[in-house]
Each structure stands twice: as structure tokens, then as C-alpha cells.
Amino acid sequence: MAAPPCAFSSRGCRLFAASGPDGRLRVWDTAGSRLQHEYVPSAHLSAACTCLAWAPAGARQPPGKDGPQRKKRKSEVAEVDKQLDILAIGTAVGSILLYSTVKGELQSKLDGGHDSRVNCVRWHQDNCCLYSCSDDRHIVEWNTQTCKVKCKWKGDNSSVTCLCISPDGKMLLSAGRTIKLWDLETKEVYRHFTGHATSVSSLMFTTVKPMNESKPFDGITGLYFLSGAIHDRLLNVWQIRSDRKEKNAVMSFTVTDEPTFVDLTVSEVKEEPVKLAVVCRDGQLHLFEHILNGYCKKPLTSNCTIQIATPGNDGDSTPKPVPILAAAFCTDKQSLLLVYGNTLQPIIEKVSLNTSESHICLVRDIQKVLSLKTDAALTKVKTPVVNSDTKVLVPGIPGHSTAVKTPAAGKEKKKNKRKPGETEESIEERLGALDIDVSKVKTPGGLPQTDSFAVLLVQGLESNDAEILNKVLNTRKENIVKNTVARMPIHAVIPLLHELTKRLQGNPYSASLMVRWLKSVFTLHASYLSTLPDLIPQLGMLYQLMESRVKTLQKLSRLHGRLFILVTQVAASQTVQEVPEVNQTAKLVYEDDSSEEEGSDDEMIADKDSDENWDEDEEKEEQSDEQDMTVEKEVNGDSDLEPENESEEE
């Protein structure tokens, strides 16, 4: 999630502006942390504020919506010039709003330049000129007097995320991932720089004069500038040289997390060091102090780190960290303005620099400070002082009167109406009484979409809600898993891996589902994971877990093979036993007695193949054959042939 846009005014950081998550613009006085202005754009929800920029000192006021006004006297003009502060507000729909803190209203609106989200706005030293860049890959030069586009050109092949104008006002730095230096007269690229692996979020010039004063100065050659990017813990320093060959950074500063707000003191003399204040996403402030004198191989670490924590009193002995939102150097360069707390009601404090200590922890009781601020606030409500005997007539019924309670009676504490022994209902019971059934709420498409899965996953990881995580991580569809991992923010990858590692050690069924998520994370975010310097300690437990599982894989596969053979053999023997025995005796026999010769041949074959056991059966068969022959002879009339046949047989 991106940090809310905020900026200090150019006149000694007198004002601080920030746009909160509700889309409202709030402006505080840094001297007393008092809220001076609160502006709600008409489309603050659909066209949220994306970037802020204060007009430089001496800027002319853009024309108002009221038309021409009367000519002011010199004293009035001088007074307005001291107070005039114009704030440029970039929106998510491509328009730019110009807000005046003197009048407390919107001065003008710049439309027609961008078709997409405005990522950065920068004022030129020329009073009526403003530059902006957008996701539509274009850079626009605005005339704030006429509220029209002065010039528009393509800045990059992808979205342009940051701008910075050179000290002499003749060059413009633009950055998406690569950094380009433009000549504002010709609108042509003067130099290319390598840039960062991710989108650049900050660009600043650190010097106004070259360190080598022997050569003539053309306004840009020899100057240094600083760049920082999202999800990158290194801030790079680049030098603009006369030759076009050198495109890499000359040095870098390392911080603990992604930089969200950067401020520095510009070096005007060769021996003067550059002081750098970097606020990170983890709420820490890192201070650097270095003399820019050429190439430096190793990244430079901070001279001092500042953190803010609560004292840990009032029943809670554990101090809690308080995030630092922004920091800016004062005009003396020896003190800092710190903005900490939350964007809705921040606390602004001036702190003197002491870089002799490498780590400073400031203990601040935020609740006490905020309560003092609310008590000191002026109120216009006054309670009249009346006597106890005074009666006030109430309008409506004539003659009816009611007694007014004295202020002393109002200060008395209310008696506790709760009966003794009765316990107060918990918040869970009160919410249950509302009878809100989340399961009855259905999305129009049935299952949640991939975008909502990614949002739910991030919310579950941040709040450590097991119910949300189970709902998302127990998904079986490969397509939903891949799309969810692809659309989740980069900073949630490591917490997701930690959660997957924890779940891999549990139920084997759950572990099989977690493997799908691991595969998608390593496939889609391998490039990001390879850039992490502390990747080995972050994923050490996961690596050991996977290695232990792989070691037992070979033994388990062997055991699986043996068990498979045993199970198949047992199953085969059971099937054999269950099959009934087959009766092999013939149920029908057919004998062919077509001719006597064939019959005699069959009898000869049967006599040869017969055994001793067949003797008794042969006698019975001969008797039956003789009877059959006599019957046939009587039928056919062949009785004359019987003597011949008998002689032949003898």
C-alpha cells in the first residue's frame, strides 16, 4: 500500500499538507501542530489525491473564480505575498487542482492534459509554470495563469512516476524505471541513466554547483542528484558528466526499508556535506551526512537512526513504536521537523540534530499530547451562571416552568444504573445481538473474484486472521492461485512465505494445498526474492523443511513399491480362493453310428485303448448288441443271411 502524499511548504516549512485515506486534504501549522485548513474535493473518493507540491517562494497567484477584483494597495500586496501559498494537487483521474491556503478555497483546475493518474507535479522557478507526469507516459507543461496546456510530450515507453527541475530551471529530470534528463527548450533527451529495477518515487538535486570549479560551469554538468524507488532499500546518487558513457550511479545509501519521504540540504560549497533525512515504511528515520567527491563502491550506512515509541505506562509495560510520517530540515540545517502518529491527527515536533549517537529512541506519550491539544482548544459555547432558585419558563404551555440545573449539579458524576452483580455485555455479544449473518451476504458472481482474493490475502496476513487465510489458501483451482499471487503487492510476499511455511508443518492434506501456492510464488516473484539480501535467514526454515521431506522421499518410494507388491499379491490370492471349482464332466455325449465299418473300427480302437477295468462292461455291451442285431434283422428281412454270418464269425 502506497504512503499517503504529504509535503512541507517552501517557506521555511511553515505549513505541512497531507491527504489522508479518506481523500480529504488537511493543512497544519508546524509551529503549534494546529489544523488550519481542511479541504474536501468534490470527487475525493473517485478522484483521490495522488501527489502534492507547494509553489516556490514568490509565486504569483493564479486567477480566481470570482473574476477581476479591485486594485490593491502596495501594503495589501506585500501582506498577501508573505502569506501566499499555492498547493498543487494531482488526482487519480488526470486533473490537477490548485488550492490557495490564504483564501482557503480552490483557485483553479487544470484539465485536458492527462488521461490517467497523475504521479508527480513540480513547480518551475518561473512563477506561472507547472510540470506534471502521469501513467499515460506523457509529461505536460502547464500555464497556471491561463490554466491550459503549454506543451505535452511523451516521456517514456511506460508510466512516468517522478519529476525534478534543475537548479537553473533549464533541465528536467524524469523517471519511470530509467532516468532521463531533458532540455526544456528543445524537449529532447540530454542524458540517459540506468535507474532502478522498480518505479522511481523520488528525485532531488543535491548540489547547485559542480565540485570541480576549475572547468566552466554550463548550469548542469558536474551536478549530483539523488533517486529512490519503491520496494528498493538503496538510494542512488548520480553525477551528470560531460561524456555520455557513464550511466551508472556513483554511490548509494542503504536504509532498512522502502523510502517513503526524503529531504536533504543542498550543498553549495565543495567542502559542505550533504545532509539527508530518509523516512522508511517501517517508521524509522535515517540521517546521512556525506561529502560528495566522486565514486564510492560500497553503500553508505546511516550516521544516525531515530525512532519514536510510547512510554509503556498505564497497565501496558511494553513500549509500542510510533511511525514517523515525514521529516524536513529547518533553515538552520541543525534541527529537524518530525511528523509522527497518523495522517488524520499527526503530531509535529522540532528536534535538534545530534548525530554523535548512532541510534536515538524518542519516548513520546501520544495520548497525553492529543488530550492536551483537545483541552486547549477554544470553544464558543458558554454556560450562563444562574442561581438555584431561578426558574425559566418553557414556551408552549402558559404558566409551565422548569428549573435549570446549576453547573455544579452538571459536574456531578452520573450514578451507575447497573444492578449489583450484573456483568456488562462484551462487544462480541453486542455485535451478535445485531444479528449480522455474513454467510447470507452473497457476491453477484458467486465466488469472490481474483482481485478480492488478493485483497483478502493481504488483509489476512496483516491482521493474522486465520479465518480469512483459510478461506483463501484452501483454494484448489490453479488459475485462481496464480492470479492471486500475481496481483498481490510485493511487500506481502515474505509474510505469505512465512505463513505457508507454518502450514506446511501441519496437516499433510493442507501441506499439499500449500505446495501450489509455493510453486506460484517462486515462479512469479523469483526476481524480487533474488534481490533480497537477507533471503537465506528469511527462507531458512522453509529450505530445511523441504530438504527433510526430500531426504525421506527415496525411502518412502521404496516402501511404497514393496507395499504395492504385497497388497497386489494378497488381493490376487483372495480372488483365486473366491472363484468356484469348474465341473469338468460332460453333460452331453453324441455318438455317430452311420456305418458298420466305422463302428467296427471304433470298437477295435476302443478294445486297444481299454484297460482291465472295462471287462465287465464289455460283456453287457455284447449282449445288448446281439439283441439289437436280431431286432434289425427281423425288421429288414435279413434272416436268410444269418447262417453265413454265423459261419463267418466262427
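Author: A salt bridge is a side-chain nitrogen of Lys or Arg within 4 Å of a carboxyl oxygen of Asp or Glu. The model discussed here is predicted.

Reader: How many salt bridges does that rule give?

Author: The count comes to twelve salt bridges.

Reader: What does E38 pair with?

Author: E38 forms a salt bridge with R24, and their closest N and O atoms are 3.6 Å apart. The partners belong to distant parts of the chain, 14 residues apart: E38 is in strand β4 (residues 34-39), while R24 sits in the loop between β2 (15-19) and β3 (25-29).

Reader: Turning to the helices, at roughly what angle do α6 and α8 cross?

Author: The axes of helix α6 (residues 466-473) and helix α8 (residues 493-504) cross at roughly 85° and come within 13 Å. Angles of 65 to 115 degrees count as roughly perpendicular, and α6 and α8 are therefore roughly perpendicular to each other.

Reader: Which residues meet there?

Author: On the α6 side they are A466, L469, N470 and L473, which meet L496, E499, L500 and R503 of α8. Of the residues in this contact, five are nonpolar, one is polar and two are charged.

Reader: And the surface: which residues make the nonpolar patch?

Author: L556, L559, L563 and L566 make a nonpolar surface patch of about 390 Å². L556 is part of helix α12 (residues 540-578).

Reader: One more topic, the backbone. What is phi of K187, and where does that residue lie?

Author: Phi of K187 is near 60°, a positive value in a residue other than glycine. K187 lies in the loop between β15 (179-183) and β16 (188-193). Most residues other than glycine have a negative phi.

Methods. Residues numbered from 1 in each chain as written. Predicted model: local features only at pLDDT ≥ 70, side-chain atom pairs only at ≥ 80, totals over all residues. Heavy atoms only, no water. Axes fitted to C-alpha atoms, helices over the stretch in contact; angles between N-to-C directions. Helix = DSSP H or I, 4+ residues; strand = E, 2+ residues; numbered from the N terminus. Parallel < 35°, antiparallel > 145°, perpendicular 65-115°, else oblique. Contact = heavy atoms within 4.5 Å. Nonpolar A, V, L, I, M, F, W, Y, C, P; charged D, E, K, R; others polar. Patch = residues over 30% accessible without salt bridge, like charges linked within 9 Å, V, L, I, M, F, W, Y side chains within 5 Å. Areas by Shrake-Rupley, 256 points an atom, 1.4 Å probe, with all protein chains shown as cover.
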